[in-house]
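Visitor: I would like to go through this structure term by term, and to hear what each label rests on.

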Amino acid sequence: MAAGPTPSTAASFRPPLPPPPPACFDYQSASLADTRAAAAAINPALAGLVESGGLVRVPRRRFGPVPAWRPPDFAEPEEVWILGTSHLSAESTKDVERVLRAVRPDNVVVELCRSRAGIMYASDNASGEPLLKSNMFSLGGTKFFGAVNRSINLGGQSALALRLLLAVFSSKISSGANRPFGEEFRAARRVSEDIDAQLVLGDRPIEITLERALKSLSWDEKTKLVIALFRGITSTTDTPDEKAAVSPYELYEKLSSSYPSLLQPLIHERDMYLAWSLKRSKAVNKSKTVVGVIGKGHMNGVVYALMSDQGELRFRDLVGRDSSETWASSIAKGLVRDTVIGVALWALYELVQASL
């Protein structure tokens, strides 16, 4: 299994990130002709997925230009297929198996990062932990303390504590789901092994995503967010939303509706990161075919990023620090911030754990 790009903590100039898809962009209509013809040639049974927008194909000729700074021996994949899934759907699991066995790609890129890769290896029969139902924010695995240390190193104490609160909150609002989380990722791993395809972790580390999300908020917004999460966790009254499963993308959208500055780090930046992993990461160099298994909510942004990228974006733009921030100033400013926010969030988490 190949990891995605290695995050860099070196200070560097960060140009403005490309804008998100315009309102007029529709990923399905932009790729339907290419997808229909290719899917019909591979397996006509995939037509239903294609017509519903669950499966798209983007050939290399539709990509943006290869940046000049790329090594001359680097070659982008000839084609990228993207399968949109629901993380709590049995049907998505079947779709993953059908598509991967039909397309037989060289690489399978999944919407996971290193600290969440354990989801692919969790037992399908696991009953879950008493406190947290497994979800995209959960911390676990055989090397739990190593995962905690990695989370602190990449995102700081505050991002780790926020992740734990989000894990509890996500578990509660998804309590109506009767299926384990991430079955489509486990199916992707199993089929990849069967067809000898390389499995690639294509999502940005969640620690960096949450750190950048916190930085996008004012102190007042951070306080309101923590209080809102805490109230949602401790509330004993069911709301209509709590009776149905909620995907991480839907949760991000709900948060972003109340805190618009979260849209960029939680959704738009991750769309660009996933697109880069699909076509420009070292793991897919010289590949003929790549299949991405991602949440359906990301499809529009990822397809747009694949087609509109002009070669100016680098990985460090999506994972690095602000250009004005040096190593020394980061330590000084982050020490107080992480300690205060981290201790407060950990205290809240302990209260929640005691009350459940």
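Visitor: Which residues does Leu-278 touch, not counting residues up to four places away in sequence?

Guide: This is a predicted model, in which local features need pLDDT of at least 70 and side-chain atom pairs count only at pLDDT 80 or more, while totals for chains, interfaces and linings use all residues. Residues are numbered from 1 along each chain as its sequence is written, and side-chain values use heavy atoms, with hydrogens and water left out. With contact meaning heavy atoms within 4.5 Å, Leu-278 touches Pro-77, Val-80, Ile-82, Val-109, Val-284, Val-290, Val-291, Gly-292, Val-302 and Leu-306.

Visitor: Why is Arg-280 called buried?

Guide: Buried means under 20% relative accessible area, exposed over 50%, and partly exposed in between (1.4 Å probe, protein chains only); Arg-280 has 0% relative accessibility and therefore counts as buried.

Visitor: Why does Ile-294 count as buried?

Guide: Its relative accessibility is 1%, so Ile-294 counts as buried. Ile-294 is found in strand β5, and its contacts beyond four places in sequence include Thr-85 and Val-302; the C-alpha atoms of Ile-294 and Thr-85 are separated by 6.0 Å, although the two are 209 residues apart along the chain.

Note on methods:
Helices (H or I, at least four residues) and strands (E, at least two) are DSSP runs, numbered from the N terminus.
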